[in-house]
Amino acid sequence: MPDHILSWSTANGGGNQNVPAWTDVLPYLEEVRNGGGVVTLDTIEDARTTYRSLQVRSEAGNYLLTLGEETDDDWEVRTYHNPNSKESRVELLGDYWDAKMIFRNFEVVVAAFKEFYELGNVSVALLS
């Protein structure tokens, strides 16, 4: 299991914590569920994984998950794909996103963060 840095910005404030336990992560995910905001889990550099950052942005029950991967010369981003969404743009925390990247199922957020916390990656079934 890789080590992480947890950071958050919610209605209750912001901060960061080095090498959190999984039980430290869950309350901040609940905060973005209930009041919106951003939670990020960054992997402390680890040769076992190239995935460096998982982030959820949340507002009004809408979620956007992004997983950043460091490649040889670039930064690749994987996101959730919502096939049921219509072609449009959704505003989330002041930025506009493709509606196909936005979803409303909080359990997906928890599952992605748990996988990333434990494995340093998120399955393609969750983020493509």
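Select Glu 118 and Lys 114 first: they are four residues apart in helix 2 (residues 106-119), so about one helical turn separates them. Helices here are DSSP runs of H or I with at least four residues, strands are runs of E with at least two, and both are numbered from the N terminus. The side chains of Glu 118 and Lys 114 meet in a salt bridge, at 2.8 Å from N to O. A salt bridge is a side-chain nitrogen of Lys or Arg within 4 Å of a carboxyl oxygen of Asp or Glu. Glu 118 is partly exposed, with a relative accessible area of 39%, and Lys 114 is also partly exposed, at 33%. For these classes, buried means under 20% relative accessible area, exposed means over 50%, and partly exposed lies in between (1.4 Å probe, protein chains only).

The model is a predicted one, in which local features need pLDDT of at least 70 and side-chain atom pairs count only at pLDDT 80 or more, while totals for chains, interfaces and linings use all residues. Residues are numbered from 1 along each chain as its sequence is written, and side-chain values use heavy atoms, with hydrogens and water left out.

**The other salt bridges**

How many salt bridges does a search of the whole structure find? It finds three. Next, select Glu 30 and Arg 33, whose side chains meet in a salt bridge at 3.6 Å from N to O. Both residues belong to helix 1 (residues 22-35) and are three residues apart, about one turn of the helix. Glu 30 is partly exposed at 32% relative accessibility, and Arg 33 is partly exposed at 37%.

Then select Asp 95 and Arg 57, which form a salt bridge of 3.5 Å, N to O. This pair links distant parts of the chain, since Asp 95 is in strand 8 (residues 95-98) and Arg 57 is in strand 4 (residues 51-59), 38 residues apart. Asp 95 is partly exposed, with a relative accessible area of 36%.

**Along strand 4**

Stay in strand 4 and select Gln 55. Is this residue buried or exposed? Gln 55 is buried, with a relative accessible area of 18%. Its side chain is joined to that of Arg 57 by a polar contact of 3.2 Å. A polar contact is a pair of N or O atoms within 3.5 Å; within protein, one must be able to donate a hydrogen and the other to accept it, and residues adjacent in sequence count only if both atoms are side-chain atoms. Leaving aside neighbours within four places in sequence, Gln 55 is in contact (heavy atoms within 4.5 Å) with residues including Val 38, Val 39, Leu 65 and Phe 113.

**The nonpolar cores**

Now display the largest nonpolar core, which has 26 residues; those with the most contacts inside it are Leu 29, Val 39, Leu 54, Val 56, Leu 65 and Phe 113. Such a core is a set of buried Ala, Val, Leu, Ile, Met, Phe, Trp, Tyr and Cys residues joined through side-chain atoms within 4.5 Å. Strand 1, helix 1, strand 3 (37-43), strand 4, strand 5 (62-70) and helix 2 each supply at least two of its residues. Helix 2 gives the most to this core, with seven residues. Another core lies apart from it and has six residues, among them Val 90, Leu 92, Ala 99 and Ile 102.

**Aromatic pairs**

The structure holds five aromatic pairs. Rings of Phe, Tyr and Trp (its six-membered ring) pair if their centres lie within 6.5 Å; planes under 30 degrees apart count as stacked, over 60 as edge-to-face and the rest as tilted. Select Trp 8 and Tyr 28, a stacked pair at 3.9 Å centre to centre with 20 degrees between the planes. Trp 8 is in strand 1 and Tyr 28 in helix 1, 20 residues apart. Trp 8 is buried at 14% relative accessibility, and Tyr 28 is buried at 18%.

Move to Trp 22 and Tyr 117, whose ring centres are 5.7 Å apart with planes at 50 degrees, so the pair is tilted. Trp 22 lies in helix 1 and Tyr 117 in helix 2, so the pair ties together parts 95 residues apart in sequence. Both Trp 22 and Tyr 117 are buried. Finally, select Tyr 63, Tyr 80, Phe 103 and Phe 106, which form one aromatic cluster.
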